[in-house]
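Reader: Please take one part of this model and go through it closely. I would like to know which residues meet there, and then how the surrounding parts are arranged.

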Amino acid sequence: MISQRVSTLTIVLVLGGAILLALLNQFTPEASAVHVPAYVIALVGKYLCFAMLALAVDLVWGFGGILPLGHAAFFALGGYAMGMYLMRQIGTRGVYGNAELPDFMVFLGWKDLPWYWHGFEWFPFAALMVVLVPGILALVFGYLAFRSRVTGVYLSIMTQALTYALLLAFFRNDMGFGGNNGLTDFKDVLGFNVQADSTRSGLLVLSALFLCGAFLVARFVVLSRFGKILIAVRDTESRTRFLGYRPESYKLVVWVLSAVIAGIGGALYVPQVGIINPGEFSPANSIEAVIWVAVGGRGTLVGAILGALIVNFGKTWFTSALPELWLFALGALFIGVTLLLPQGVMGLFALRGVKPAVTPAPTISEEEAPV
Amino acid sequence: MPRSLALILLVAVWLFPGPGRAETAEEAYAAFATPNFDAIRDGVMALSVSGDPRALIVITALHDGRLYVRPDKVLFIKNDDGTFVDALTGAAADVPAGALKPVRVNNGVREAVNAALGVLRLFSPDASTRLTAAEAVFRARDPAALPALDRALAKETDPDVKTRLEQAHAAAVLSSSDTSDADRLNAISIMRARGDIEARSTLGNLTGQTPAVAAAAASAITAIDRSLQLWSVLESVYYGISLGSVLLLAAAGLAITFGVMGVINMAHGEMVMIGAYVTFMVQQSIRAYLPSIYSASLPIAIPMAFIVAGLIGIAIERTLIRWLYGRPLETLLATWGLSLVLQQAVRSIFGAANRDVDTPDWMSGATQLGGLTLTWNRMYIILFAIVVLAALMAALRFTSLGLRMRAVTQNRRMAAAMGIRTPWIDALTFGLGSGVAGMAGVALSQIDNVSPNLGQSYIIDSFMVVVFGGVGNLWGTTVGALTLGIINKFLEPVAGAVLGKIVVLVMLILFIQRRPRGMFPLKGRAVEA
């Protein structure tokens, strides 16, 4: 269903495009017509991270039938893990010059580093946490939710409640994550200056690599036998259960995988934008990520990447050219795509070999009758 | 006759309080005309106990800096409009302002004036002034006020004021150094009966008492602490019910649309917001065209908000939602998009800043119930929530539209087979749910900022209420809203507002694991949602 050709094309375009931009930025003189300015590098790098979030959403929504309204929470948690590492790298270069404590803790009058900050000065540990924190949260939440068969709209609302609770929690100064301002003012990542063009280009290529890697993993999962059963669960969960499968296990695996992909996306996002704050947890962000997938085409993986790039380029253009109209455009996008374009851009082009997930027929049968 | 004789004696005692004060009212007035601060101060004190009918007026004038003296030692009071009256008779006097000098005050005089006013107001003809004065004397705990309190008590007829005077008397007795143990024990029991934080601090300040008095005070403090704790629990319950009624108003419409159509309407919060803006518009137009009925603006806004939000709801259902039946997740996304459009539209029309919606006079203020302060606007919102809920239930139960709605909720295809036009019912249901949200907006305009983001702050809470209570069940929504409101308010003092909210959210996430269909699930034969 996701053909070899389209997948190869996607990887070549994403990776090739990122490398080309990085090379043009590094090896052309600034006056040159083909020079790519640094802000474009940072912008595209940010979009690629969003594309990873979109990929994660598509994995659970397009193939697991779970509409997640809180996936940005996993993205932000990965981002916070990376942000904590970056904070610890500042060392004595902070405003207060305290080698042990980040600036905001000195400002709050804290004496010691909270226990959960220990180890984050060490990159491998931080990298592990980028995967583990979103993964474990997803595991616990998913285990509880899928085991008790919370499905459909209820599950979506619960994911929204989860990210809302985290939003409120991270706003608190007492949490030790910088409260309202979040973590910012980073200096180095692995010894490279985060502000430098070369680091940004490197991060862009790295984001492209991780995006392609995540795409390949997701493609492998959905094309495997496991993926077939997952799709069966999406289309008729009860029938799959009656055939002897355990839908909750399949959903849990793909849910945790998706959270980890989102977390890695967040970790790559933070050094490129230079800040992570609780705003990333806001439910509106998660819902926006869903619309990227809907625009690109749900259940196609390629569509998720495409949708994230299209919508975000559109957002950048709109918010600078017609800031008043951006929310109208975004709202219209939500309505238009769901009403007129249920299979997204991928369905529109009907690329050969790409068969988007077909939504169950919109009839109200006994089985799907409103609760 | 002995009785009238006693009465005359009483009046005589009241008018001439004995040899304690040598000065009469006339001498006191004469003292005001001197430049000597001590004489003025003594004059104020003498006047306050003299019982002279003009005493309150003159001392008030002195307090406000409106008392003037002419070189021939005649006193005048300046009115607000700049004219003068004779201080002793109240007759209008035509005197040139240049000939007058204000009566001077210093800190000593000011203190005496304040104390005198406190005592004099105890004899004001207005009961509410007397009540305030008694409360002020209670707080002052001044033993010097005892004689005045005794006189005021003897004269008082209003039971509320009398109680307050007794409490003030008790407080003065307790802080006086030369009262008997029996009086003190009596005073402690009065304090105990009052039982608020002021009474507790009066008792807590007692030192160097005889063992009997000290023991009585200690036991009274324990009793007061216990009753204060009880009142604080009741207060949390009241605030919880108040929050719950707000949640109920916001969630009731959602419960109806979700119950009948299985549609989660993410633009529901925007219907609430539109209701609040309708209130704003109604107030603006009434102020411009019919200021005489301004105090009735809210009762007028309620049906207006219902109609406007309801019509918008029907329009949304006809143009958007009916294409998406059977696809609840897509509906969720489309209505989210709609909510963004509505928010931005309101922002473009009215601006991003908060709009002022007035609270009518009859809704401001508060009343005291034991140790509870009940603000009127919260009370009215609770009442409004009850009325709306009752009206909704009656509409669902007794009208033919309600009958059809219930039929569609229970079995859509069977209802269609019986000749009910289900698409039409869907549109009306959506309109009803949106209209209720609009009415919630009228209530919320009284306690929250009217801004384009108003709806967003309530939408997640409303979802929680609906999911917690069980879908399609108004009783479930009611119980859910009240439970969440009360739990929230009980957690707030313990954990803080934000942490309390987080705890509630986590508890809800866990609760849904146990009861995936809420507290009161609708009984049906559906295999899955």
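This is a predicted model: local features need pLDDT of at least 70, side-chain atom pairs count only at pLDDT 80 or more; totals for chains, interfaces and linings use all residues.

Author: From α19(B), the residues in the contact are B:Met464, B:Val465, B:Val466, B:Phe468 and B:Gly469. Facing them in α20(B) are B:Gly476, B:Thr477, B:Val479, B:Gly480, B:Ala481 and B:Leu484. Sorted by class, the contact of α19(B) with α20(B) has seven nonpolar residues, four polar ones and no charged residues.

The geometry of the pair comes next. Two packed helices are described by the angle between their axes and the distance between the axes. The crossing in which α19(B) passes α20(B) is right-handed.

Elsewhere in chain B, helix α3 runs over residues 37-50. With 14 residues, α3(B) reaches 20 Å from its first C-alpha to its last, close to the 20 Å expected at 1.5 Å a residue. Its buried residues are B:Ile40, B:Arg41, B:Gly43, B:Val44, B:Ala46, B:Leu47, B:Ser48, B:Val49 and B:Ser50. The cover over the buried residues of α3(B) includes α2 (25-32), α4 (55-64), α5 (107-121) and α7 (146-155) of chain B.

Chain B also touches chain A, in a contact that takes 46 residues from chain B and 49 residues from chain A. On the side of chain A, the elements that give two or more residues are α5 (123-147), α6 (152-171), α9 (237-242), α11 (283-296) and α13 (326-340). The largest share of that side, 14 residues, comes from α6(A). By class, the side of chain A that touches chain B has 33 nonpolar, ten polar and six charged residues.

One residue of helix α6 of chain A is A:Met158. It is buried, with 25 other C-beta atoms within 10 Å. Apart from its neighbours within four places in sequence, A:Met158 is in contact with A:Ala145 and A:Val150, and with B:Ile509 and B:Ile512. A:Met158 and A:Val57 are 101 residues apart in sequence, and their C-alpha atoms are 16 Å apart in space.

The loop between α5 and α6 of chain A holds A:Arg149. A:Arg149 is partly exposed, with 17 other C-beta atoms within 10 Å. Its phi is near 60°, a positive value in a residue other than glycine. Most residues other than glycine have a negative phi. Another positive phi, of about 50°, belongs to A:Leu190, which is not a glycine either. A:Leu190 lies in the loop between β2 (188-189) and β3 (192-193) of chain A, and it is exposed, with 11 other C-beta atoms within 10 Å.

Finally, helix α12 of chain A spans residues 302-321. At 1.5 Å a residue its 20 residues should span 28 Å, and the end C-alpha atoms are 29 Å apart, which agrees. The buried residues of α12(A) include A:Val302, A:Gly303, A:Ala304, A:Ile305 and A:Leu306, and also A:Val311 and A:Asn312. They pack against α1 (4-27), α2 (38-62), α7 (197-223), α11 and α14 (344-349) of chain A.

Conventions: Residues are numbered from 1 along each chain as its sequence is written. Chains are lettered from A and ligands numbered from 1 in the order in which they are written. A crossing is left-handed if the near helix is turned anticlockwise from the far one by less than a right angle, and right-handed if clockwise. Helices (H or I, at least four residues) and strands (E, at least two) are DSSP runs, numbered from the N terminus. Two residues are in contact if their C-beta atoms, placed from the backbone, lie within 7 Å. Ala, Val, Leu, Ile, Met, Phe, Trp, Tyr, Cys and Pro count as nonpolar, Asp, Glu, Lys and Arg as charged, and the others, Gly among them, as polar. The expected span of a helix is 1.5 Å times one less than its number of residues. A residue is buried if 20 or more other C-beta atoms lie within 10 Å of its own, exposed if 12 or fewer, and partly exposed in between; C-beta atoms are placed from the backbone.
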